[in-house]
Every structure is written in structure tokens, then in C-alpha cells.
Amino acid sequence: MDYKRGYTFLFLTFCSRIILEYPATFSLHNALDGEVKTMLHYIGKRLWQLVPVLLGMTFVVFMIIRAIPGDPAQVILGQQASESAVKALRTKLGLDDPWYIQYFDYLWGLITGDLGESMRTMNPVSDEIWGYLAATFELSLFAILIAIIVGINAGIISAWFQNSWFDYTAMILALVGVSMPIFWLGLMLQYIFGVEFGLLPTTGREEVRNPVESITNLYVLDTIIQGRYDQLGTVLKHLILPGVALATIPMAIIARMTRSSMLEVMRSDYVRTARSKGQRMFWVVYKHALKNAIIPVLTIIGLQMGMLLGGAILTETIFGWPGVGRYIYEAINFRDYPVIQSGILVVAFIFVMINLVIDVLYSLIDPRIKYD
Amino acid sequence: MSNLAPKQLDGTPQTEKVAGPWLEAWRGFKKSKLAVVGAGIVLFFIIVAFIGPFIAMQGINEQLLSDRLLKPSSTYWLGTDDLGRDILSRIIHGARISLWVGFFSVIGSLVVGSFLGIIAGYYGKWIDTIISRIFDIMLAFPSILLAIAVVSVLGPSLQNALIAIAIINIPNFGRLIRSKVLSIKEEEYITSAKAIGMKDIRILFSHILPNSMSPVIVQGTLAIATAIIEAAALGFLGLGAQAPAPEWGKMLADARVNFINAPWTMFFPGLAIMLTVLGFNLMGDGLRDALDPKMKN
């Protein structure tokens with residue numbers, strides 16, 4: 001898979017830009033050198049704290065096969081498996097070694113980029129997983145965009161017209177939204193928009209008869225790069241239903257948070273001053289009030305981005321979306337343990353990294369936060 | 001409390017009985033209409049779960065193959081599924097499973113989480129470091145993934161789903177209790193309890209635990225909501241309750257095959273999940289407003 005190299009390149013460029021432009025980002029906040037140092041110290045400390053967590057994560061994942069009651073090799077292959085096959089699998093998985101040697105072998109494998117080999121396709125997981133990750137990334141990004149745009153605006157309007165019919169409707173919908181089982185919502189959307197009205201496709205990422213030529217495996221990007229705008233339309237159509245299903249819970253949470261945060265800010269003196277100067281309400285709300293109200297909302301958005309990864313498993317299963325969640329789900333049905341292990345590990349790793357980035361960004365945005 | 005002080009200062013006799021913390025919380029809870037609605041929904045499903053077998057028109061697995069995939073009607077209020085089973089009856093029986101998983105998984109994580117949290121918070125030092133690191137590691141996984149990991153080890157079944165959900169919620173309770181213990185530990189009444197020679201275990205159980213209860217109750221109520229959704233999600237993925245159990249998530253998964261011809265087979269089980277979860281969420285929000293002094297005003 002050649003896009004793997006492309007991703008590595010993109011990632012490295014991204015990292016180098018951050019490092020090079022790091023001081024520039026800071027000058028925006030008129031930060032002093034001392035503050036930059038504290039910040040770097042904070043990031044270093046957070047990374048250092050991450051080491052035991054990452055080791056623990058690998059150990060938990062390592063234990064997934066080893067903790068299976070009875071002979072794991074027998075369980076994986078099923079009761080009908082021949083003795084020689086079971087023995088071969090035991091050797092392959094290294095189950096006969098002492099556990100600490102197995103663990104160090106496993107860790108070494110991870111460090112050298114070996115995520116095991118799928119028992120179903122016989123391909124290395126590290127090769128297969130990129131395509132699935134890209135699909136999940138595209139879906140999650142789309143979902144979080146919907147959640148942010150709709151959620152924040154619904155929250156603002158609810159706070160602006162507090163106790164109006166819009167406020168009540170939006171907040172009741174938000175309450176229902178947070179209690180919604182995502183898989184049920186997905187099925188309902190499929191039924192209403194796919195079956196009943198026939199408006200939108202209900203499964204997959206693309207038209208089967210008109211497949212997208214993959215470069216980055218982010219189909220929206222691929223079709224734009226290739227100038228295939230006819231395909232871009234279908235790709236976007238395929239994104240809508242799973243995107244909305246996945247977006248619902250974060251959207252509801254973001255709307256509720258924005259509303260309460262805005263209500264608090266709208267009562268403050270400076271907003272009243274802006275109003276009394278004759279500033280138009282729209283600008284007061286969207287310019288003055290939002291600036292201060294947005295900080296707690298950003299934390300929530302960060303948390304929700306991590307949560308999306310969990311929701312993606314269910315959404316992808318329902319909508320036949322070939323993402324990493326579906327990859328894990330299919331692996332479970334086939335008792336493909338190396339894929340289950342590595343899939344869970346990779347998703348958890350991304351989850352931890354998102355949380356780290358959010359924490360750091362949060363302290364950048366709000367200088368009142370102390371790095372302890 | 002605020003109207004109590006002036007009365008005592010100007011010397012008028014105190015006629016009104018002072019409201020205890022629980023009574024005060026109940027008054028606060030009653031004020032919120034949504035919380036009362038939530039409590040009503042929860043109570044409704046609890047009653048259904050208890051008297052379910054007596055009111056359900058059909059048994060869990062009673063099949064009438066001649067009545068397959070019938071629309072909701074006066075005979076079958078919510079229709080029938082692909083095996084001719086009455087959906088309403090199955091949902092009624094399913095209430096028992098969902099609430100059972102919700103309550104017991106939360107009780108399990110509450111007991112283990114509180115125990116670990118108390119030890120970590122009270123004794124501190126290396127015990128705290130180890131326990132806190134374990135919590136960090138568990139929280140590093142998206143919860144449904146950790147549940148999938150546990151179930152893929154133990155094997156798919158309702159009981160294992162319950163265990164998995166209990167395990168993934170342990171760090172939430174553990175951290176909550178730990179932070180509460182850390183703040184209570186510094187209170188003067190704990191110092192005086194120590195000074196009069198009270199044993200650690202007694203201080204923990206008669207002072208620290210009761211005083212850290214209110215956030216736990218709030219968290220517990222909200223956790224039941226999440227646990228019910230997670231159990232249904234595991235059931236839906238085929239990792240929880242197995243056929244023919246009338247578990248709501250499993251019913252949804254079974255309904256997928258026929259959902260084009262018979263949308264009611266998937267509509268009602270999902271609605272039941274959503275209503276129950278909504279009930280617990282509303283109740284939890286109300287309890288938080290009533291019990292958490294920081295949220296008051």
C-alpha cells in the first residue's frame with residue numbers, strides 16, 4: 001500500500017511545521033519566552049506521563065489472547081481443529097514461551113511496526129489498517145463538523161432567544177439526542193431516508209459500479225484531486241446518513257454546553273455595555289459573547305472527538321462503512337484475534353493522542369489554565 | 001439554612017423543623033419538572049420489569065408462525081417479529097434484562113470503584129500511584145472498545161456483557177471517590193476522629209464514605225443510562241445477550257433483516273431503549289442539581 005508512505009510524509013510535514021512555526025503561534029498571544037518554556041515543559045511532562053499509560057495499554061491488548069480461558073489456540077481455531085493446526089498456531093503466537101518473553105516480543109514487534117498478521121486475509125495488519133483508518137477519519141471528521149456547526153449555532157440561538165419555542169424545541173431534541181442509541185438512530189435514518197423516501201444511499205462509501213480511484217483513501221479528497229466532481233457528489237451523499245448518525249450525540253452535547261455557557265456570558269457587564277453602545281444584537285452575540293463562551297465548549301468538542309471513535313464502531317457496522325470499527329467488528333465474528341488486538345490498540349492510541357492534543361490546545365487558548 | 005440564622009439571632013423560637021440534607025435534596029429534586037418526568041419514566045419501566053411476566057400477553061419465546069411480521073393491530077399492539085412473536089411482550093420481558101444489566105453492572109463498578117478509590121485517596125503514596133495509573137490505562141480506551149476487548153476474552157453472553165460494562169465503569173467511580181476522599185481527609189472532623197484514636201477503617205466507613213455519597217448517587221444514576229445503552233450496543237453487535245433472549249439491542253439486530261418490510265420490529269425496541277435511557281438521564285440531571293452544592297443557585 002503506497003499511501004502509507006504518503007501518510008508518513010504528510011505527518012512529518014505537519015510535525016515539522018508545528019515545530020518551525022511554534023514560536024510564531026505564540027507571538028499571537030503575546031506570550032513571553034518564559035511562558036513558552038513553561039508550555040514546552042508542560043507538553044514534555046504530559047508526554048512523559050503517557051509512557052506508563054501506553055505500556056499499560058499494550059499490556060491490556062496483549063492479554064486479550066492470553067486471558068482466553070482454556071487453550072487460546074484451540075478457542076481461536078474452534079473445536080474441530082486438528083491437533084497439528086493448534087500446535088502450529090501456538091508456536092506462531094509464541095504461546096509456549098513464558099509470558100514476559102511473549103510480552104517483550106510483542107512490544108518489540110509494535111516498536112518495529114509489526115501489528116501481527118490477519119488470520120483471515122493473511123496480510124500484515126499494519127498494511128491493511130491504513131485504508132480502514134482513512135475511512136474512519138473521513139467519517140469522523142464529517143460528523144464532528146456537522147456536530148460543531150449545528151450544535152454551536154443551535155446553542156447560541158437557544159441562549160439568545162431564551163425560553164422561546166426554538167429554545168424549548170432545541171433543548172428537548174438535545175435531551176433526546178444524548179439518550180439516543182446510535183445504532184437505532186442509524187437504522188431509523190436508513191429506513192426513513194433510504195427506504196421510504198429513497199433519497200440517500202444507505203450503505204458503503206461509493207457507487208459500486210463507479211468506484212473511486214483511491215490515492216489517499218479519503219474519497220472526498222481523492223475525487224477533488226482527480227477533478228471527478230460527479231463522483232464527489234455521490235461520495236458526499238454516502239457520507240450524509242452515517243455522518244448525521246454519528247454526529248447526533250456530540251451535537252446534542254455541544255448544543256447544551258454552548259447554551260449554558262452563552263447564557264452565563266450574556267449576563268456579564270461587558271455584553272450589556274456592548275448592547276448599550278447600540279451594537280447590533282447579532283454582533284454582540286456572535287462576536288463579543290461567543291469569544292468568551294466558546295472555551296468550555298472547546299473542551300467538550302475535544303472530548304467528543306475521542307468519543308466518536310467509539311461510536312464509529314456501531315455506525316460503521318450499520319452503514320457498511322469500511323472503517324476501522326467495521327474492521328474490528330468483522331474480526332470478532334471471525335475470531336481474528338491479531339486484528340482485534342491491533343485494531344483496539346490503534347484506536348486507543350489515537351484516542352489518547354487526541355486527548356493530549358486537546359489538553360495542550362486548551363491551555364493555549366485559555367491562558368488562565370495553569371500547567372501543574 | 002439561610003433562614004435559620006436570623007431566627008436564632010433575634011431570639012424567636014424556632015418552630016419549623018430544620019430540613020436535613022436528604023429532605024432538602026428531595027425538595028430541590030421536586031422543583032425540576034424534567035427530573036420528575038425522568039423519575040416517572042424510570043419508575044414505569046421498573047414496574048414493567050417487576051410485573052412484566054404477569055401482564056405480557058405472550059411468553060418470551062411463544063411463536064405463532066402463522067402470525068409472522070404482522071403490523072401493529074388490536075391483537076398485537078406493537079406487531080410481531082419474523083418468528084411470529086409478540087413484540088410488546090418481548091419488550092416487556094426485555095425491560096427486566098436491561099434494568100438488571102443497568103443496575104447490577106453499576107452496583108459492581110460502584111463497589112469495586114469505591115473500594116479502590118477510597119484506598120487510593122486515603123492511604124495515598126505508592127498505592128495511590130498504582131491504582132491511579134490503572135484507572136488512567138482503563139480510561140485510555142474508548143469505553144465500548146474496552147467492553148469489546150473484555151467480551152472477546154470471556155466469550156459473548158449477557159453475563160459477560162454485564163461484567164464487561166461493570167469493569168469499564170470502575171475507573172469513573174474510582175476517580176470520583178478518590179478526589180472526594182482527598183478533600184474530606186483534610187477536614188477537621190477527620191483530624192479529630194484520628195485524635196480520639198478512631199481506627200482507619202471506622203473513619204472510612206462512618207465518616208468518609210457517607211460524606212462522599214452524593215456525587216456517587218448522581219454518577220450512579222447517569223451510569224445506569226450509559227450501561228443500558230452499552231449493553232444494548234453489545235447485544236446489537238452479537239456480543240451480549242444471545243438468541244432467543246428478548247434483549248432490546250439483540251431484538252434490534254434481529255430486526256435488521258426485515259426492516260424494509262417490517263420497520264416496527266426495529267422501531268419499538270429502540271424506542272424502549274431510548275425512553276429508559278432518557279428517564280435515567282433526566283433523573284440524574286435533576287439529582288445533580290439537587291445534591292451537588294456546587295451546582296446550586
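Here are a few notes on the structure above, starting with how to read it.

1. This is a predicted model, where local features need pLDDT of at least 70, side-chain atom pairs count only at pLDDT 80 or more, and totals for chains, interfaces and linings use all residues. Residues are numbered from 1 along each chain as its sequence is written, while chains are lettered from A and ligands numbered from 1 in the order in which they are written.

2. On to confidence: pLDDT is the predictor's confidence in each residue, from 0 to 100. Chain A has a mean of 84, with 88% of its residues at 70 or more.

3. Be careful with residues 22–28 of chain A, where pLDDT stays under 50. Where pLDDT is low, the predicted coordinates should not be read in detail.

4. Chain A has 14 helices and 0 strands (DSSP runs: H or I, at least four residues, for helices; E, at least two, for strands; numbered from the N terminus).

5. Now the partner chain: 34 residues of chain A are in contact with 32 residues of chain B (contact: C-beta atoms, placed from the backbone, within 7 Å). Helix 12 of chain A gives the largest share of chain A's side, 7 residues. That side divides into 29 nonpolar residues, 5 polar and no charged (nonpolar: Ala, Val, Leu, Ile, Met, Phe, Trp, Tyr, Cys and Pro; charged: Asp, Glu, Lys and Arg; polar: the others, Gly among them).

Notes. Contact = placed C-beta atoms within 7 Å.
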